[in-house]
Amino acid sequence: MTSPLLPGDRPTPRSLLPVPLLTAVLAAVAVTAAVLLGPESARGALAVAGVVAALLLCAAVTVAAHAVLSARAARGRLEAVTQDVGRLLQERARLTQDARRQHEWLTGELDRERARLSADLEQERTRLAEDLAAERDRLTEQHDAATARLAREHAEERARLTDDHAAELKRLTGEHTAHTDRLTQEHAEEQARLSGERDRLAQDRDRLIAESARLAARLREANNARATALSATANAAGRMQALSTGMLADLRAMEDKHHDEEVLADLLHLDHRTAQAGRLADSVAVLTGARSGRRWARPIGMESILRGAMGRINGYQRVRVHSTSNIAVAGHAAEGVMHALAELLDNAANFSPPTAEVHVYVEEVPAGVIVSVEDSGLVMGEAQLRRAERAVSGESTGLGGLTGTRLGLAVVGRLSRRYGLRVSYRPSARGGTGVLMLVPQDILVEPDAPRTPAADATTTTTAPPVTATSASLTGTPAPSTPSTSPADETPAATASEPSALRLPRRRGTRPADEPARPADGVEPETHHATSYDTAPAERGTTPRATSRPAPAPGHSYAASRAGADDLDPDPVPTHESPAPGTDASPLSLPRRRRGRTLAEAERTRSASRTAALRPAPTAEETKARTARFSSFRQAVRATTPDDTAAGTGTTAGTSGTTPDRTDEPQSDELQTNESQTDEPQSIGLQTTPTTPEGDTTS
Amino acid sequence: MSRPGRDDAPDRLYTLTQGRSRSGPDNPFDLVTLVVAECDPVPGMQSEHAAILRLTGRPTAVVEIAAELELPVSITRILLSDLLAAGRVSARHPRKAAVPDLDILEQVLVGLRNL
């Protein structure tokens with residue numbers, strides 16, 4: 001046990017200092033004496049050794065003094081600690097004695113307390129045992145009394161209940177017997193009534209069987225009547241289609257003929273009305289399953305499709321088209337697409353405010369072309385959208401549930417089914433309803449394709465359904481087409497189908513025919529002149545007698561068609577005919593037609609001079625020149641004020657003839673033909689070119 | 001040519017002009033007005049407008065345009081006024097000297113009759 005050093009334990013430097021100092025002084029004296037006493041020669045070394053020895057002595061004396069002082073301090077501390085230990089031992093002995101005394105006192109106290117508690121416990125136990133015995137005797141007595149009382153009460157209760165039971169049993173038995181009797185009686189009555197009912201039902205059954213037979217007969221009749229009405233409607237619709245197509249062609253020709261702006265405005269108005277009527281006829285035809293409209297011989301560009309659709313609705317001026325697409329729809333499907341679009345546009349225009357615009361967007365996608373029609377009119381609810389989509393899906397082909405306003409959607413449904421269009425409705429961002437119509441890729445044609453073999457293949461592959469449709473139509477009890485026409489009409493109409501099929505090939509072979517013509521001399525010219533005659537006649541501008549006897553053998557179809565148009569008020573195959581008509585000369589005809597008058601004039605006046613003059617310019621140059629000249633002349637004549645007054649001239653078909661030779665008979669003819677009309681001048685407005693020229697010269 | 005034959009296209013004349021059938025009173029086009037294109041056709045244009053712009057690369061008379069398009073002159077004039085209003089064509093009248101006098105016309109007529 002080492003206690004920390006007390007301050008007095010370590011010897012202080014002050015207590016150490018005197019001894020080394022004294023030693024140093026003594027050593028210095030001794031060294032000095034030794035140096036002085038030593039020989040002169042060894043004085044240096046002696047001094048050095050003396051000084052070193054003195055220093056070592058001083059150090060040794062210092063260390064020794066330090067050790068002595070430390071030992072003295074340690075001895076003092078040891079004595080103090082020894083005294084402490086003795087004191088502590090005495091204290092422990094005292095404490096041990098105190099503890100033993102305390103223990104003895106507590107033990108005695110505990111024994112006394114235990115003896116007192118044991119006495120108390122014994123006393124209490126005795127008292128409780130006495131109480132318990134008294135209580136047990138009292139309870140036993142009470143129990144006996146209660147048992148006797150309960151036995152008595154139980155006997156009384158049992159006697160009473162037995163009596164009640166007997167009385168109840170007797171009463172219930174009586175009631176049961178009465179009820180059984182009543183039920184037996186009712187059962188007998190019910191049985192009698194049911195047998196009567198059965199007889200009556202048997203009679204009803206016989207009556208219903210008879211009724212069912214009668215209704216079946218009536219259903220058959222109604223079905224027959226429906227089929228008949230349907231075919232009659234289809235027939236009428238076909239006729240109406242043909243009429244409107246013919247009227248549209250007439251109107252188009254008149255629009256070219258009449259240059260007065262007032263007349264043109266009226267003609268355009270009529271044109272618009274007729275186009276709408278034609279759409280209605282097309283709708284009826286589609287709904288009755290007849291053929292749809294006319295077929296185009298060539299693909300129709302998307303712009304024309306959209307404008308054709310617009311032209312058939314009332315509010316076409318509110319339709320805005322946004323389209324940069326150059327894609328075209330194959331000829332056989334163009335009419336259907338146009339018709340479906342027209343119905344969608346009509347819906348959009350009708351169900352939007354009269355001033356709101358309807359926007360049409362065309363977008364080419366890999367699957368085809370999407371035409372979206374967006375209006376800002378009524379917002380269709382979810383249920384209405386679903387119903388409209390169901391209507392345009394073409395799933396239900398029945399005519400039931402058609403109403404006047406839903407007609408268009410049903411038509412769209414039929415057309416979608418036929419041509420694979422997909423129509424869907426959605427709310428439009430413009431606030432109204434948007435319709436998306438997907439025109440599938442297989443009825444689309446690239447714009448430059450018509451003359452490529454691929455387009456020809458398309459046309460020929462799509463042609464068989466055409467003949468199939470017409471064949472199935474002619475098989476129906478009341479066919480809408482050729483059989484109702486006059487006899488001379490039928491071969492022409494039937495001939496139109498194969499020629500329509502052959503169309504691309506004939507078009508392709510035409511350039512080969514072209515160079516051979518000039519070599520034939522005069523003959524090709526008459527050939528051309530004949531075709532010029534028949535082409536406007538096929539348009540059906542006005543009835544003409546001169547075009548009928550003229551047909552050349554090569555154009556017998558067009559000639560007979562033209563004659564049929566004039567004879568028959570119902571030019572049924574007109575919707576098919578433009579294909580062969582344009583087929584005769586699809587590209588060169590329009591340009592040449594304007595030169596027709598001059599060519600005919602030359603031919604009728606002097607064939608020899610014509611033959612002499614012809615070879616000098618090439619045929620193409622002459623045509624171009626005459627076309628430009630005649631258009632100029634027509635335009636000049638249109639603005640001449642006395643043009644309408646002098647408009648009793650000949651028709652376009654014979655306008656090339658000189659007035660002094662053929663003018664009178666033809667005007668007579670016109671008057672006889674148009675004696676019913678109020679204003680023959682306005683109808684036969686197209687005059688010979690010579691009449692205005694005569695006015696100019698006079 | 002966009003229209004190879006009469007009534008061989010489904011679009012009706014009134015759809016070409018949005019229903020207008022007469023040109024405005026200040027329409028500068030008469031039959032012999034020369035029309036020159038001021039720009040090239042752009043995609044998205046009405047096909048007749050594009051055809052007119054192609055035709056009038058050099059000065060062309062209104063009647064010639066009408067003949068080439070096979071449209072009535074009135075309709076052509078409406079189309080031309082649209083283009084003029086948009087600044088895509090310019091129009092000018094031929095000089096007076098270009099119109100021959102009536103004597104020459106009469107002589108031409110006589111000559112034509114003698115053909």
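User: In strand 3 of chain A, which residue is the bridge partner of A:Gly301, and how should I read such a pairing?

Analyst: As a general idea, the strands of a sheet pair through backbone hydrogen bonds, and the pairing is either parallel or antiparallel. In this predicted model, the bridge partner of A:Gly301 in strand 3 of chain A is A:Ala328. Strand 1 of chain A and strand 3 (residues 328-329) of chain A are joined by two bridges, in the antiparallel sense.

User: What is the order of the strands in the open sheet of chain A, and which strands stand at the edges?

Analyst: The open sheet has three strands in the order 1-3-8, with antiparallel pairing. Strand 1 (300-301) and strand 8 (444-445) of chain A each have a single partner strand and stand at the edges, so one side of each lacks a neighbour in the sheet.

User: How many bridges join strand 1 of chain B to strand 2, and how many join strand 1 to strand 3?

Analyst: Strand 1 (residues 34-37) of chain B runs antiparallel to strand 2 (residues 60-61) of chain B, to which two bridges join it; here B:Val35 has B:Thr60 as its bridge partner. Four bridges join strand 1 of chain B to strand 3 (residues 89-92) of chain B, again antiparallel, and B:Leu34 stands opposite B:Arg92 in strand 3.

Terms used:
Residues numbered from 1 in each chain as written. Chains lettered and ligands numbered in written order. Predicted model: local features only at pLDDT ≥ 70, side-chain atom pairs only at ≥ 80, totals over all residues. Heavy atoms only, no water. Pairing = 2+ DSSP bridges.
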